[in-house]
Amino acid sequence: MSFFSYPKKKPGVADVLVWILALLILLFGLYFVIFGSWLILLGGSWYYTPCGILLCISGVYLFRQNIAGAWGYLLAWVLTIPWTIYEVGFHFWGWLPRLFGPTLLAIAVAACIPHLLRNQKVSIDA
């Protein structure tokens with residue numbers, strides 16, 4: 001099986017949901033890369049550009065139904081926590097806008113992990 005080949009099964013509802021999630025993560029990643037780079041030029045935080053690159057990579061892997069996309073997103077989410085502490089300390093209201101959205105996506109990504117693991121097993125067996 002080559003790098004670009006996919007299992008020859010009809011996509012199910014779970015596959016489509018993972019693709020929608022992948023598109024959302026990829027769009028957030030592109031936004032972070034573009035405007036994070038602009039923020040760096042203005043002398044702001046360096047968090048957004050590397051995080052955006054990681055989100056873009058995760059989105060591509062999730063489109064391929066690869067578990068590496070889920071681990072990549074969860075890594076970005078985990079790395080967001082120390083950045084949040086650095087930026088605002090332990091003030092709850094400062095954490096909310098920085099972690100609420102990413103946490104909702106992390107829950108969705110975590111919910112996709114069993115499906116992605118099944119797909120990985122099927123593609124290895126094929």
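**Helical architecture and a pocket lining in a predicted model**

The UniProt record, in an unreviewed entry, places the feature "transmembrane region" at residues 12–40, 46–63, 70–93 and 99–117; positions from UniProt are given in the numbering used here, feature names are shortened, and annotations may be inferred rather than shown by experiment. The structure is a predicted model, in which local features need pLDDT of at least 70 and side-chain atom pairs count only at pLDDT 80 or more, whereas totals for chains, interfaces and linings use all residues. Residues are numbered from 1 along each chain as its sequence is written, and side-chain values use heavy atoms, with hydrogens and water left out.

The secondary structure of the protein consists of four helices and zero strands, and its elements follow the order α-α-α-α from the N terminus; helices (H or I, at least four residues) and strands (E, at least two) are DSSP runs, numbered from the N terminus. Among the spans annotated by UniProt, residues 46–63 are 89% helix and 0% strand, with the end C-alpha atoms 27 Å apart, while residues 99–117 are 100% helix and 0% strand, with a distance of 26 Å between the end C-alpha atoms.

Of the 126 residues of the protein, 33% are buried, where buried means under 20% relative accessible area, exposed over 50%, and partly exposed in between (1.4 Å probe, protein chains only). The protein exposes about 8,100 Å², and carbon and sulfur atoms supply 78% of this area; accessible areas come from the Shrake-Rupley method with a 1.4 Å probe, and for residues only the protein chains shown count as cover. Of the contacts (heavy atoms within 4.5 Å) with a separation of 6 or more, 61% are accounted for by residues 24 or more positions apart.

Two C-alpha pairs illustrate such separations in sequence. Leu23, found in helix 1, is partly exposed at 42% relative accessibility, and its C-alpha atom lies 7.6 Å from that of Phe63, 40 residues apart in sequence. Leu27, also in helix 1, is partly exposed with a relative accessible area of 49%, and its C-alpha atom is separated by 7.7 Å from that of Cys56, 29 residues apart along the chain.

The second largest pocket has a volume of about 170 Å³. Of the 13 residues that line this pocket, Phe32, Leu55, Tyr73, Pro102 and Leu105 are the closest to its centre. On a 1 Å grid over the protein atoms alone, a pocket is an open set of points where a 1.4 Å probe fits, with protein on both sides within 12 Å along at least five of seven lines, and lining residues have an atom within 4 Å of a point; grid points are joined across faces, edges and corners, and a volume is the space filled by probe spheres set on the points. Helix 1 (13–41), helix 2 (48–63), helix 3 (67–88) and helix 4 (92–125) each supply at least two residues of the lining, to which helix 3 gives the most, with four residues. By class, the lining has 11 nonpolar, two polar and no charged residues, with Ala, Val, Leu, Ile, Met, Phe, Trp, Tyr, Cys and Pro counted as nonpolar, Asp, Glu, Lys and Arg as charged, and the others, Gly among them, as polar.

Asn119 lies in helix 4 and is buried, with a relative accessible area of 11%. With residues up to four places away in sequence not counted, Asn119 touches Lys9, Asp15 and Gln65. Gln65 is placed in the loop between helix 2 and helix 3 and is buried, with a relative accessible area of 11%. The phi of Gln65 is near 60 degrees, a positive value in a residue other than glycine, whereas most residues other than glycine have a negative phi.
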